[in-house]
2 protein chains.
Amino acid sequence: MDKKIYEYSDLIDRDLSQMGDTANEKQSLAEKIKPLLSDSSIVLAQTNPISGNIEYNALNAKKRIERAENIGAGVIVFPELYLIGAPVGDYILKFPVVVEECREWLENLAKSTKKTKCIIGFAEAENDKYYNSVAILANGKTEKIIRKSVLNNIAENNESRYFESCPADYENRTVSINGKKAVILIGDEEKILETVLKEQKPDYIINCTAKISRIGKEQFISNQFSKIAKKYSLPSVMVNQVGSSDCLSFDGASRVYDKNGNLTFRAKYFEEQFFIVNPFDSNGILNYLPKGMETKLSSTFSLDYTSDLERIYLTIVQSIRDYFKKTGFKRACLGLSGGLDSTVCAVLLADALGKENVVGISMPSKITSAESKNDAKELAENLGITFIEMPIKNMFDVTRENFDEIFSKIENWQEARYKQSYTNDNIQARARATILWGISNEFEKCLPIATSDKSEAYMGYATINGDMSGGYAPIGDVTKTKLFALADWLNNNRPQKNAIPQSVINKRPGAELAINPKTGKPLLAEEALMPYEFLDEIIWRVENLHQTINDMIGSQFIYEKENKISKEQKREWLEKFFRRMSSALYKWSIIPPFPVVDAHSINSAEYRQSIITSGINYTKTSFEQ
Amino acid sequence: MDKKIYEYSDLIDRDLSQMGDTANEKQSLAEKIKPLLSDSSIVLAQTNPISGNIEYNALNAKKRIERAENIGAGVIVFPELYLIGAPVGDYILKFPVVVEECREWLENLAKSTKKTKCIIGFAEAENDKYYNSVAILANGKTEKIIRKSVLNNIAENNESRYFESCPADYENRTVSINGKKAVILIGDEEKILETVLKEQKPDYIINCTAKISRIGKEQFISNQFSKIAKKYSLPSVMVNQVGSSDCLSFDGASRVYDKNGNLTFRAKYFEEQFFIVNPFDSNGILNYLPKGMETKLSSTFSLDYTSDLERIYLTIVQSIRDYFKKTGFKRACLGLSGGLDSTVCAVLLADALGKENVVGISMPSKITSAESKNDAKELAENLGITFIEMPIKNMFDVTRENFDEIFSKIENWQEARYKQSYTNDNIQARARATILWGISNEFEKCLPIATSDKSEAYMGYATINGDMSGGYAPIGDVTKTKLFALADWLNNNRPQKNAIPQSVINKRPGAELAINPKTGKPLLAEEALMPYEFLDEIIWRVENLHQTINDMIGSQFIYEKENKISKEQKREWLEKFFRRMSSALYKWSIIPPFPVVDAHSINSAEYRQSIITSGINYTKTSFEQ
């Protein structure tokens, strides 16, 4: 295949995203591409739909269909459920009008097709039932509709909640394109493939899919598709969705495997693309594979996250950008404490939204160190974001004064008054959040950002209506040790080097909300909790190995290799973990949406646990009555 | 059946809940009951487990098994999944140790059985798969285990997420009890019944279940069980769970239908009970059926909620009580504005937790009327809860001063500054929440209460980190017009009449956060939104009829019968509803847990919709390109 085609199709992509070309320019571009295509050329429309926004999705499809027609492609293929946008939600149950709109737009799109066939996923309604379907449009009409047979019920997909599974109609599964026969699969339908192939003898496979991006998924997908292509000796074409939806991300990377199972074409990751492939051409193009995409799910914990950081960065940046764009926001404000969490969030926000759309505020209290204030300011200057300093002393003092009066008036509860409480710590965190939400109330399209991280989420170490409050939480699925690695990575891999002051990375984290009476200095998080290296390994073991306290006591942690700790100390930390995790369940239920980057997360999109289960005894190691 | 048995079993219940009786007292009670039982007597252990707290559940089971043994009952039957507690959550996937603990406790319970058989639901693990199972324990051993075949996948149950469905082993489905043969069903397994009956010829049916309580469910359950009993001419015994789990409630009411389909025994609603029945005795006992339990799902909206209010009250009180008890809390604090929402919440909290455990705080701003302050105080005095008044003027002034400085410093956003903003309104709501969370930080086991209601939730008319913030939201699923009816009902049906000042019920609701420039008085909610009668009917139509704007324009609202409104006005309100609902999705995602009382709710336990779907065009009435 002539690689020049990609220079041209990149121009189409630029025009599609910016809509700058005139009709003439479009046509002349098409004329350049046309001679480079063969009968077997396919356009994979790797697109970023907005779930539920049918008009937006349809108009984007229309532009692409016209371009495919212009260049004389035999077929253009969109992802699974493209017209409604994956993942669907309960709105399709509550508002059937949205699914009806899907059908109306589908008919409109059908009318706009000419010679180029269009294969496009949508949600179909019939007799009060819904189907995950793909339509074949051509010559101004709907040629056929194929309904998904094998539904995907893993946590985030939950397809049986919405769709009926349709018995496989093997005869209906193929489409003829320029004299070749393609069999259409929707998502993971390998199960039905054998029978279809036996009955239909197709020339290749087209798979419309919308695969939620996950660590280890790339390997899984590669193996799966390669295996199928090889097993049946058929080229296999896969078109995938791109873009993020609250917490879940799709990474694109649409691709082709030849009949020997070799990868021959691969689209870009984390970008929309008008990607031209040929399933019978083994001389394709493989776009850049970001580091981390091929990371395998490890069976042991490691503090070396290097190989996975580019993937994490791209996932979070796409997620922030899409969350803001799809909800109609463009600006963000966040507190800059000079600590690691808010620092990394600021960098990610500046990259996702543009520095002009980010405001960072240092809101020191009397506990805040001069170093923290300087670090916050230096970071903001490096990034070029607006920086404001506003001490919260007067808000704290007034609140504290009111509290003294109120607390003393609750006479019948005095015996239940804590000797040591978090009251003062939390006044500070809440005053800060009040300021951020105030900014969001005062300026258009501005969201305050929650900066708490995954290690803190597990420990419930974030203040309700304080630092855990915000419209979005960029690093809610990133553990603290990984954040250190990410900060380093950002300093070395962004075009602007070392935006993050080295002192932020060097110091040990602390909320600077209270003084440690033992040291006379601000209490460090690890003094209140446990070493982050140890904590993050517990989280990893819980999420990936489902280990109990006993399992963990019996095996060595990485932290223990360099730090001698007693068995009692280890057990104390482990018990503290489970105790704190149990009481964090309420906080999990009100945590703002955050991009999932780990293999498992506690996000409500995928994790469900009632708060009243806080009494579960995870420390149970053996049965005693 | 001798009705005296119920006087005695009530004493057992009293002892089980308070644990006051000595061994001798227990034994002498048993001796009185023993002669009143027949071979066919069955104890239905209508119990309130805590999901995940196996030890708690097992110890409660043990006490009941011992009592059943003492009185010489042939069998004691526990609800579906009793040992693990319904609804299960993702903890069983993440922490298999909890399911292992289930098995260990099951063996322990088996050892404690003697002549009385015990039929008990639990979560069973085998080869990395889970089953929703029932064990038959007797003579110190596990006699057999039955696995559920027909899983329940409606939204809140979601059983396929956790359990494998087990092919029905018809031979294994029966248990012999004192010479009679009972067939065991788990939940809704009518599907397999026909074959079991044909092969096994049992004498009656025992159904272990855990049915989530819903409006209209009582009717549904009655019909279902009655029909089955009659169809197969077999007495049918059903034992149900009671108690609440965050948002979901179980209402108990275990029961027996005779072979003609007549209801012969019915246990209490919303209470644990050691309920003795005889499937072959048509002269049973029917405990009180609270009003509203038999409410049918209506196909038209009505503003007359009278018939449903007792059910709603009991559901909310049980939910508050269980949420606090199961999460280890006992005290609540809430803001008392003198408005309807906080007033009704205070009454419900006093009834659920006891007046000594509730603190109400009036936190007036300069907009708060004298009447509101008086109403708050009068209510607190009537209820006997602690009352404090604390103006928030100084917190407001200091915050506002800081805001002026900050806002002016964000120079590059000045063009994006709102001409009219909610900034001042929200400072007030957030200052109040800061005070409530401060109290919760200072006193042991104290939760602040979110007082916002369902009408406001749909309109996003509640302040983030303000009145929508709290540990629990008692009236989150109650619409405003229903709240007025509930307030009236409380005044007439609680032992203490008229606790709620009539002026609270008479005045039109307003947040008292801003002045309406047109009237010079505090802005009423209905001026900002639309008449509540109209709003609540939209909500009802959306949830129950899935209507579009067009559907609603074309049909008359109750509000329109007495108030002439123009078609333009009606469309404006409808469009406002959908516009505001779309931007409320984020708020829905962080709403505190609340008890579900309607047929449908937006609680995250049952409703799932990504925030990025806020762009859905619900106003679309017909297709235009």
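How many salt bridges does the rule find across the interface of chain A and chain B? There are 2 of them, and since this is a predicted model, let us walk through how the two chains are arranged before coming back to that contact.

Start with the symmetry. Chain A can be laid on chain B by a rotation of 180 degrees, with 0.0 Å of shift along the axis and an RMSD of 0.0 Å. The two copies are therefore related as by a two-fold rotation axis.

Now to the contact itself. Chain A contributes 113 residues and chain B contributes 113 residues. Of the interface residues of chain A, 100% are also interface residues in chain B, so the copies meet through the same surface. Together the chains bury about 9,900 Å², and 60% of this area comes from carbon and sulfur atoms. Three residues, Lys94(A), Trp413(A) and Ile612(A), supply 9% of what chain A buries against chain B, more than any other three residues.

Back to the polar side of the interface. In one salt bridge, Glu442(A) pairs with Arg417(B), with the closest N and O atoms 2.9 Å apart. The rule also finds 40 residue pairs in polar contact between the chains. Helix 12 of chain A, residues 423–442, gives the most to the side of chain A that touches chain B, with 11 residues. Sorted by class, that side holds 53 nonpolar, 35 polar and 25 charged residues.

A few places in the backbone deserve a visit too. Most residues other than glycine have a negative phi, and most peptide bonds are trans. Against that background, look at the cis peptide bond between Ala86(A) and Pro87(A), where omega is about -5 degrees. Pro87(A) sits in the loop between strand 2 and helix 4 of chain A. In chain B, a cis bond joins Ala86(B) and Pro87(B), again with omega of about -5 degrees.

Next come two residues with positive phi. Phe270(A), in the loop between strand 13 and strand 14 of chain A, has phi near 60 degrees. Is Phe270(A) buried or exposed? Its relative accessible area is 12%, so Phe270(A) is buried. Lys445(A), in the loop between helix 12 and strand 18 of chain A, has a phi of about 55 degrees. At 42% relative accessibility, Lys445(A) counts as partly exposed.

Conventions
Residues numbered from 1 in each chain as written. Chains lettered and ligands numbered in written order. Predicted model: local features only at pLDDT ≥ 70, side-chain atom pairs only at ≥ 80, totals over all residues. Heavy atoms only, no water. Least-squares fit on C-alpha atoms with pLDDT ≥ 70 in both. Contact = heavy atoms within 4.5 Å. Buried area = accessible area lost by both parts, 1.4 Å probe. Salt bridge = Lys/Arg side-chain N within 4 Å of Asp/Glu carboxyl O. Polar contact = N/O pair within 3.5 Å; in protein donor to acceptor, adjacent residues only side chain to side chain. Helix = DSSP H or I, 4+ residues; strand = E, 2+ residues; numbered from the N terminus. Nonpolar A, V, L, I, M, F, W, Y, C, P; charged D, E, K, R; others polar. Buried < 20%, exposed > 50% of the residue type's maximum accessible area, 1.4 Å probe, protein only.
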